[in-house]
Amino acid sequence: MKKSWPPLIPFVAITLALEWMVRSGAVPSYLVPAPSAVLRALFDSRDELAAAMAKTSAAALVGFALSTISGIAIAVLLSSSRGIQRAFYPYAVFFQTVPIIAIAPLLVIWFGYGMKTVIASAFIVSIFPVIANTLTGLLSTDPALRDLFRLYGASATVTLVKLRFPAALPQILTGLRVASGLAVIGAIVGEFIGGQGLGSVVDIARTQQRVDKVFAAVLLASLLGLALFGLINLISALTLRRWHASEQGS
Amino acid sequence: MIARLSVADGGRIVTEPEQFQTAFVFQDAHLLPWRTTLDNAALPLELMGIGRDERYSKARAALAQVGLAEAEARYPAQLSGGMRMRVSLARALVTAPRLLLMDEPFAALDEITRFNLEVQLRDLWQRRGMTVIFVTHSISEAAFLANRAVVLTRRGGKIRLDRQIDLPMERTNDLRSDPRLGHEMKILMGAMEEE
């Protein structure tokens, strides 16, 4: 419990400072809402926000799950031969560089308004870090251990399952950590155009000059990102605690 | 090349019989950190498709031989460097190899640990009746462990000296201060300094 204290101190300090600045009139409330106003917006629009949050969560989770599964599968394929890697890796990089906001309208044309577009957007934005980190992990297997597996006649599949994949787990989890945050961002961007969830709430509240509501929705979106990040950390702690330096000590 | 993991540029490798179980031990332990001591020691048998009960009983026996029976449920991160090296040795021994290849396996250990492991290795070698090819940069280690010591040239890998070490078969740490060991070391050192 003691470890959760330090991050709370700046949070409380900034919240109090903000409240004071808005109340004293130093910052006009149509630019930055007072924290108390955000809280009120959260409460007043709780049904709408809860429904939006559920939609965004579902889309972000599905998009994240899809990029986890296909990202790892693609990395396994890419790691199987130098030739395949040279031929296809540039296309994986494409996902990293594609400006999601520019192709989001295209997604609407392909998948229509609603869930599918939002999931696709979350997926596209979050798959690259999974591919890149998994690939690095799979390609940095200890050569001595590879020789050992070869000496005892292990097949490529057995070597993948019993050596390369578990050895790559720390890097895979790093990729998932990055991807989890990006999936939420991708979902929100998709919702701006696809029209549902927290992204849509932000978009509509913005046109109504409801900065407090914008902040309330943004706050929920960040909480969603944090929750996903926490989930990956939990999985990481459970799988790596016995053997990896990153989860040991203290 | 001896382990048939790479092909020679020229010449031949003659063994009798042609096919036999080989094992090797590297400079560092190279264990799988996500596996317990027991599962690490049983790995070669697992890869060869041996059933669970048989591979565990053989792995336990191999661990007992290197004095690690107590540590079978521990993970490599919970072991000292010397213990990890002994797990690595147990992993090599578990297939009852005819030939054991060792590449400076004790180089990274402190001296006392190394001394004790060397005595253990001699002992295991005598009991198992296997051939051990042991690469080392340590003259005292070579003289202490070997029945036959080969000094190679720095470049080209030519043989500079090939000598039967004239020491008793039973070797304990008492031998370390024996003048006969010093004499053997002097001969090996002489061959190395000719370069």
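B:Leu101 stands opposite B:Ile133 in β3(B). The strand pair behind this position is β2 (residues 99-103) and β3 of chain B, which run parallel and are joined by 5 bridges. The model is a predicted one. Chain A, by contrast with these strands, has 10 helices and 0 strands.

**The parallel sheet of chain B**

- In chain B, 3 strands make up an open sheet, and their order is β1-β2-β3.
- The pairing in this sheet is parallel.
- At the edges lie β1 (22-25) and β3 (131-135) of chain B, each of which pairs on one side only.
- From one strand to the next, the twist averages 15 degrees.

**The hairpin of chain B**

- Strands β4 (residues 148-152) and β5 (residues 159-164) of chain B are paired in the antiparallel sense, over 5 bridges.
- Within this pair, B:Val151 stands opposite B:Leu161 in β5(B).
- The two strands, β4(B) and β5(B), form a hairpin, and 6 residues lie between them.
- The turn of the hairpin contains B:Gly156, which has a positive phi of about 90 degrees.

**Chain A as a whole**

- The elements of chain A, read from the N terminus on, run α-α-α-α-α-α-α-α-α-α.
- Taken along the principal axes, the C-alpha atoms of chain A fill a box of roughly 75 × 50 × 30 Å.
- Chain A has 250 residues, and buried residues make up 37% of them.
- Among contacts in chain A with a separation of 6 or more, 75% are between residues 24 or more positions apart.

**Packing of α2 against α10 in chain A**

- Helix α2 (residues 35-44) of chain A packs with helix α10 (residues 211-240) of chain A at an angle of about 75 degrees, and their axes are 8 Å apart.
- Because of that angle, α2(A) is roughly perpendicular to α10(A).
- On the α2(A) side, the residues that meet α10(A) are A:Ala37, A:Val38, A:Ala41 and A:Leu42.
- Their partners in α10(A) are A:Asp212, A:Lys213, A:Phe215, A:Ala216 and A:Leu219.
- Sorted by class, the contact of α2(A) with α10(A) has 7 nonpolar, no polar and 2 charged residues.

**Nonpolar cores**

- In soluble globular proteins, nonpolar side chains tend to be buried together.
- The largest nonpolar core has 54 residues, and those touching the most other members are A:Ala60, A:Ala122, A:Ala183 and A:Ala217.
- Two or more residues of this core come from each of α2, α3 (46-80), α5 (100-111), α6 (115-139), α8 (156-194), α9 (197-207) and α10 of chain A.
- The element that gives the most to this core is α6(A), with 14 residues.
- Leaving aside neighbours within four places in sequence, A:Ala60 is in contact with A:Ala122, A:Ala183, A:Val184, A:Ala187, A:Leu224 and A:Leu228.
- Another core, of 41 residues, lies apart from the largest one.
- Members of this other core include A:Ala154 and A:Leu163 from chain A, and B:Val87 and B:Leu93 from chain B.

**Where the two chains meet**

- On the chain B side, 13 residues are in contact with 16 residues of chain A.
- The side of chain B that touches chain A has, by class, 11 nonpolar, 2 polar and no charged residues.

Technical notes:
Residues numbered from 1 in each chain as written. Chains lettered and ligands numbered in written order. Predicted model: local features only at pLDDT ≥ 70, side-chain atom pairs only at ≥ 80, totals over all residues. Pairing = 2+ DSSP bridges. Helix = DSSP H or I, 4+ residues; strand = E, 2+ residues; numbered from the N terminus. Axes fitted to C-alpha atoms, helices over the stretch in contact; angles between N-to-C directions. Contact = placed C-beta atoms within 7 Å. Nonpolar A, V, L, I, M, F, W, Y, C, P; charged D, E, K, R; others polar. Parallel < 35°, antiparallel > 145°, perpendicular 65-115°, else oblique. Core = buried A, V, L, I, M, F, W, Y, C linked by C-beta atoms within 7 Å. Buried ≥ 20, exposed ≤ 12 C-beta atoms within 10 Å, placed from the backbone.
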